[in-house]
Every structure is written in structure tokens, then in C-alpha cells.
Amino acid sequence: KPARTVADQLDVDVATLRSLVHPEDRDMFDQVRELAARGTPIPPADFRIIRPDGVERILHRECELVYDADGKPIRLAATLQDITERRKAELEVSRSRENMARAQHLASIGSFERDLVADSWEWSDEMYRILGAEVGVRPPNEVLLAMVHPDDLERFLKARAEELAGHSQPPIEYRLTRLDGVERIVRRESAVSFDAEKRPLRLFGTLQDITERKRAEIELLQSRESMSRAQQIANMGSFDHDLQTGRITWSDQMYTILGLEKGEIAPSGWRYALKP
């Protein structure tokens with residue numbers, strides 16, 4: 001029986017290795033030999049293997065061809081690194097970012113962070129959408145300030161100045177005109193971090209579009225005011241009894257009809273006994 005050559009041994013070894021490669025990634029594995037045979041540089045690549053114990057791992061491969069004086073490939077040097085845990089961590093971070101982006105989009109809340117020393121910014125995608133800007137293209141500071149409604153600008157600037165001076169500020173609501181000309185109402189919450197010498201380092205916070213909520217609040221208020229005027233004209237009061245909590249509320253006209261001052265008597269005392 002003829003002795004096995006080095007080439008035969010290499011073929012057996014390659015076949016064994018190839019059998020470990022995930023079926024969907026074997027073409028990538030075969031490409032290495034094809035490129036090496038042509039003397040073409042081999043790009044780095046990641047691929048999956050299924051070990052004999054059934055465990056799937058992700059490997060990173062880097063190859064380098066060594067050529068002779070005539071440019072003929074004479075040697076292939078390579079490294080193989082198990083990057084499974086790193087890829088899992090990257091995937092978890094990516095999923096976390098995607099979940100946060102979806103949550104921000106659903107709640108219409110954008111987030112921002114500014115390095116006050118380097119004067120650099122980081123915005124979430126929703127931040128761009130709220131301001132009507134192209135994702136990744138942050139408008140200049142002067143444009144951002146120009147977005148704030150003129151009637152709200154002084155209050156906005158005062159709150160920001162107080163914050164940068166180290167004085168905690170409550171959330172601020174103001175109107176702004178987006179880059180597309182649409183006026184919105186936003187709620188801004190922010191905070192500043194300082195160094196040991198009380199110098200501001202970073203500004204971070206959130207911006208929420210509350211336009212629809214504010215409109216609903218205004219419509220509800222107007223509806224209540226209209227009902228109150230109608231009840232006064234008709235001299236008719238109304239009350240509401242939550243049968244689960246026992247809470248009772250009266251309209252203002254109820255007090256007037258009964259000759260009582262609002263706050264003089266608690267409506268909750270007028271509960272109805274219900275049979276089970």
C-alpha cells in the first residue's frame with residue numbers, strides 16, 4: 001500500500017475541519033483554499049462551527065499569504081479565535097438599543113447627552129424625529145435655539161442657565177417649531193454632572209413630544225367648561241359615583257342647587273347602598 005503523502009494528510013485534515021463548520025458557512029470555509037491557490041489575499045471572516053460535543057461556537061479567522069521572490073504563494077499563516085461570548089455580548093447590546101429605540105418611538109421620547117468640555121453631542125434617533133431633523137445630522141446650536149417659540153425662549157434659557165450653574169430645575173414644557181415648520185409642544189427633563197471643582201462636565205436628559213396629550217387636556221378642559229356653563233343655564237347639576245372605589249364627584253352646579261359652598265361638604269358621604 002503506497003505511503004500517504006503530506007498532501008493526502010492535509011486533505012484528510014481539511015475534510016475533518018470542514019465537517020465541523022456549520023453547513024451554512026462551508027462555502028466561506030472553501031473560499032479560503034480557492035483564494036490561496038490563486039494567491040489572492042484572504043479577508044478576515046467570522047463563521048460558525050459545531051464541535052463534536054454538539055456545542056455551537058463562533059470563530060474569527062484571519063489569514064496571511066507569504067510569497068516567494070516571484071510572487072508565488074508558498075505559505076499560508078492563519079489565526080483562529082473563539083469570539084462566541086463577544087458576539088453574544090454585541091448581540092445583547094444591539095437588542096437593548098433596538099428595544100430602547102422602539103420604546104422611545106412609542107412614547108415619543110428622545111434622549112440626548114452633551115459633553116460640555118469637548119462640546120460634542122449624542123442623540124437618540126427619536127430626538128431627531130421630534131425635531132424634524134434628518135437622523136445623524138444635528139442642526140447647529142443657533143438653529144436649535146431658533147426652534148424655541150419666542151414667547152418661551154426666555155424661560156427656556158433661564159432654566160438652562162440655572163441648571164449649568166448647579167441649581168436643580170424641574171421639567172420644563174415649551175413650544176418649538178420643527179425644521180419642517182410644524183409647531184409642537186415638548187417636555188424637557190435634564191441634569192448636569194460636575195467635576196470636583198463644580199465645573200459642568202456633561203448635560204444629559206430627555207425630550208418628549210406631548211402635543212397630543214396637551215391638546216387632549218385642553219379639549220377636556222373646554223368640554224368641562226362648556227358643561228359647567230350649560231348646567232348653570234339649565235340650573236342642572238350632575239354627580240358621578242364610582243361603584244368600585246366609592247368615590248363621588250359633584251359638578252359645581254350641584255353645590256349651587258343644594259345651597260352649599262364647594263368644600264363645605266364631602267360628596268363621598270352621599271353613597272348609595274347597593275344590593276349584591
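How many bridges pair S1 and strand S2, and in which sense? I looked this up first. S1 and strand S2 (residues 56–67) pair over 6 bridges, in the antiparallel sense. Two strands count as paired if DSSP finds at least two bridges between them. Helices (H or I, at least four residues) and strands (E, at least two) are DSSP runs, numbered from the N terminus.

**Ground rules.** I am reading a predicted model: local features need pLDDT of at least 70, side-chain atom pairs count only at pLDDT 80 or more, and totals for chains, interfaces and linings use all residues. Residues are numbered from 1 along each chain as its sequence is written, and side-chain values use heavy atoms, with hydrogens and water left out.

**Whole chain.** I noted 8 helices and 10 strands in the protein chain. Of its 276 residues, 26% count as buried. Buried means under 20% relative accessible area, exposed over 50%, and partly exposed in between (1.4 Å probe, protein chains only).

**The sheet with S1.** This open sheet has 3 strands in the order S1-S2-S3, with antiparallel pairing. Strand S1 (45–50) and strand S3 (73–82) are the edge strands, and each pairs on one side only. I also checked one facing pair: Phe47 stands opposite Leu59 in S2. H2 packs on the sheet and touches S1, S2 and S3. Contact here means heavy atoms within 4.5 Å. The direction of H2 makes about 5 degrees with that of S2. For such angles, axes are lines fitted to C-alpha atoms, for helices over the stretch in contact, and values run from 0 to 180 degrees between N-to-C directions.

**Helix H2.** Which residues of H2 are buried? They are Phe29, Val32, Leu35 and Ala36. Seen down the axis of H2, these buried residues fall within an arc of 120 degrees, so they line one face of the helix. The arc is that of the directions from the helix axis to the C-beta atoms. On the other side of H2, I found Asp27, Ala37 and Arg38 exposed. Just after H2, Gly39 takes a positive phi of about 75 degrees.

**The sheet with S6.** Next I looked at an open sheet of 5 strands, ordered S5-S4-S8-S7-S6, with antiparallel pairing. Strand S5 (120–123) and strand S6 (172–177) stand at the edges with a single partner strand each, so one side of each has no neighbour in the sheet. S6 and strand S7 (residues 183–194) run antiparallel and are joined by 6 bridges. Glu173 stands opposite Arg187 in S7. Helix H6 (residues 150–164) lies across S6, S7 and strand S8 (200–209). H6 runs at about 130 degrees to S6.
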